[in-house]
Amino acid sequence: MESSVATPPAGPPPRMGPPKSSNDAVEASAAWRLSDRIGLAICWALGLLFCAIAVAIVLYLMVKGLAYLKPSMLVTPATAGFSQSQSGGFSDALIGTLIVAVMGISIALPIGIGVAVWLVEYGRPVALARIAESTIEAIAGIPSIVLALFGTVIFSSTALGFLSRTSEGVVFGRSFFAASAMLSLVALPLIVASTREGLNAIPHHVREASYAIGKTKIATTRRILLPAARPQVATGAMLGLGRIIGDTAIIVVLLGATQNFAPVGGAFPINYLRGAGTTLTNFVYEASPTGNLNQPEKAYAAAFVLLLMVLALNAAVDVIHRRARKVGTWSS
Amino acid sequence: MEFVTTPPPPIRRLELEDTPAATQVAPPAAGADGNGAAASGGFTGARRSIGAPQFSIRRMEIDDVSISYADRDAVKGVSLPVRQGEVLSLIGPSGCGKTTLLRSLNRLTELTRTAKLTGRILLDDVDIRQIEPTLLRRRVTMVFQQPNPFPMSVFDNIAYVLREQGSRRQRKKALEPKVYSALERAGLFEEVKDNLDHPALKLSGGQQQRLCIARGLAAEPEVLLLDEPCSALDPQSTQVIEDLIVKLRDDVAVVIVTHNLQQAYRIADHVAFMYLGDLVEYSSATSLFGSPREKRTQDYVSGAFG
């Protein structure tokens with residue numbers, strides 16, 4: 001619509017002074033070359049496409065999941081049955097996921113933080129540090145099914161028989177212990193990378209300020225560096241947790257193809273941890289149309305629960321970072 | 001074409017101890033256009049008077065100290081006294097070794113793997129290499145160029161210094177008097193007393209730097225090292241910190257590295273001019289700026305290089 005205000009007829013007036021606000025990027029891009037504008041349009045399109053895919057997955061699983069998920073499924077274990085309504089729920093799988101997550105992260109977190117602190121704060125001898133770095137990168141690159149296979153070799157050895165079911169000298173090598181140990185390797189590189197990033201972001205003079213009032217390296221690391229890197233450590237832990245609860249290969253190979261806990265001898269928590277079990281990913285795999293159980297409705301329900309867990313982890317990362325921003329950081 | 005080689009006269013002088021410090025514009029130098037003033041670098045214009053030291057006790061003795069990194073010598077055979085009751089200022093162009101020398105006083109240079117030190121540094125007549133580093137660094141504390149409070153509350157920043165290494169022992173209540181007195185000595189208590197549990201990194205730059213000074217004072221050191229403490233601050237915060245430094249000189253020996261000649265002139269009792277690792281000249285501030293003995297000093301303070 002033309003305004004009645006008199007404007008110079010030929011072309012827009014030359015711009016005087018700075019732009020009115022910094023968010024008129026669209027107006028500015030109108031002056032770009034055609035190729036740049038096409039590039040911008042492609043970026044926009046790809047960004048929107050990506051959002052659309054994510055939203056589609058979440059919405060689809062939400063619709064399906066909410067349709068099939070019944071609260072009773074969360075509290076009843078799977079049982080043998082002829083129809084989907086008779087075969088119980090997936091409470092064992094849900095609890096199994098939680099067990100694996102807690103055990104896996106409690107192995108990976110201290111080791112990961114320790115490795116990262118050593119790499120950033122000590123890192124001597126240099127050759128050893130380089131080797132450690134490459135090793136962690138290598139672990140990050142190994143497919144989890146390969147880790148799982150390797151795990152069967154380790155945990156079937158007689159020396160580690162106390163961690164899983166043993167019968168007449170044969171070690172089964174399948175237990176929550178075995179699965180959690182290998183799953184911690186999946187989370188480890190993420191925790192190391194994230195913690196290193198956090199430690200590297202702390203200016204050097206902050207460390208020196210702590211040494212310069214007579215603090216030791218250990219005190220500085222405990223009281224200054226790790227608290228300052230806490231948001232990144234937490235991010236690494238959350239990403240690692242996401243990987244642990246999302247992993248299927250290690251569960252199938254090292255935890256067992258059962259849908260229920262299979263406790264073996266020993267005192268209460270240990271008997272379950274030494275036995276085989278299942279997790280939500282395993283349940284989804286088995287319940288999917290191609291799996292042995294073939295209960296697609298429950299697969300959707302379980303997948304929805306899994307998705308909720310991962311979304312909750314993402315939200316937790318967000319909260320941690322927002323809280324860290326309140327504490328502030330050093331001007332560089 | 002004629003260039004102005006004389007820096008502007010100091011804009012401020014500190015009065016004697018019994019009169020409050022006041023900001024004054026210095027009167028133009030009497031002989032600003034004469035030969036004498038040009039030769040003396042223009043610092044004679046306003047008579048500097050932070051007051052002669054009431055006393056001076058030798059705390060540290062730098063004795064023929066040379067420091068070298070892997071590929072170069074940073075400090076070459078420097079000898080200097082560090083006295084309580086005085087402010088010692090190290091000046092010189094970038095890379096002249098003044099910060100390295102400062103860092104060697106509490107053995108921070110040892111954190112640099114390649115740094116090597118020869119000569120002796122004495123603290124109260126004891127070679128600092130015979131003092132356990134963490135103990136030494138509590139007796140000789142340091143404040144850095146960038147304000148770097150720790151990412152915790154204002155209170156905890158000071159409490160961290162007072163507590164044993166990484167422990168959390170000694171509850172808040174028990175530490176309160178010492179924390180308050182450290183903040184008071186750094187002239188920060190009035191400003192932060194209501195927000196002691198606020199994150200220290202949310203303070204203003206000048207407040208952060210005074211918190212760092214308070215942190216250094218909380219260890220009750222004999223010597224306080226300041227590495228260009230005002231270079232990241234605005235003029236107002238700088239003035240507050242300069243006043244503070246002058247006030248502190250009676251309790252601790254103060255060594256300050258500064259790029260700012262005016263600052264050295266305003267607050268230092270003795271000035272050491274370093275150039276390329278050598279100690280070129282060491283004398284009282286008035287004589288170093290007023291009548292430098294060395295040609296290099298004269299060139300530097302008159303702004304010919306640097």
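Helices here are DSSP runs of H or I with at least four residues, and strands are runs of E with at least two. Counted that way, chain A has 14 helices and two strands. Keep in mind that this is a predicted model.

**Chain A overall**

- For a compact globule of 332 residues you'd expect a radius of gyration near 20 Å, but chain A comes out at 27 Å.
- Along the principal axes, the C-alpha atoms of chain A fill a box of roughly 95 × 65 × 35 Å.
- As for burial, 36% of the 332 residues of chain A count as buried.
- Take the contacts in chain A between residues at least 6 apart in sequence: 69% of them join residues at least 24 apart.

**Where chains A and B meet**

- Chain A puts 23 residues into the contact, and chain B puts in 25.
- On the chain B side, at least two residues each come from helix 3 (133-139), strand 6 (140-143), helix 4 (154-162) and helix 7 (205-218).
- Helix 3 of chain B gives the largest share of that side, with four residues.

**The largest nonpolar core**

- This core holds 156 residues, and the ones touching the most other members are A:A302, B:V254 and B:V255.
- Helix 7 of chain A, residues 176-200, is the top contributor to the core, with 15 residues.
- Leaving out residues up to four places away in sequence, B:V254 touches B:V87, B:L88, B:L224, B:L226, B:I245, B:L248 and B:R249.

**A look at B:V192**

- You'll find B:V192 in helix 6 of chain B, which covers residues 189-192.
- B:V192 counts as partly exposed because it has 19 C-beta neighbours inside 10 Å, while a buried residue needs 20 or more.
- If you skip residues up to four places away in sequence, B:V192 touches B:V154 and B:L183.
- B:V154 sits 38 residues from B:V192 along the chain, yet their C-alpha atoms are separated by 8.0 Å.

Methods:
Residues numbered from 1 in each chain as written. Chains lettered and ligands numbered in written order. Predicted model: local features only at pLDDT ≥ 70, side-chain atom pairs only at ≥ 80, totals over all residues. Rg over C-alpha atoms; globule rule 2.2 N^0.38 Å. Buried ≥ 20, exposed ≤ 12 C-beta atoms within 10 Å, placed from the backbone. Contact = placed C-beta atoms within 7 Å. Core = buried A, V, L, I, M, F, W, Y, C linked by C-beta atoms within 7 Å.
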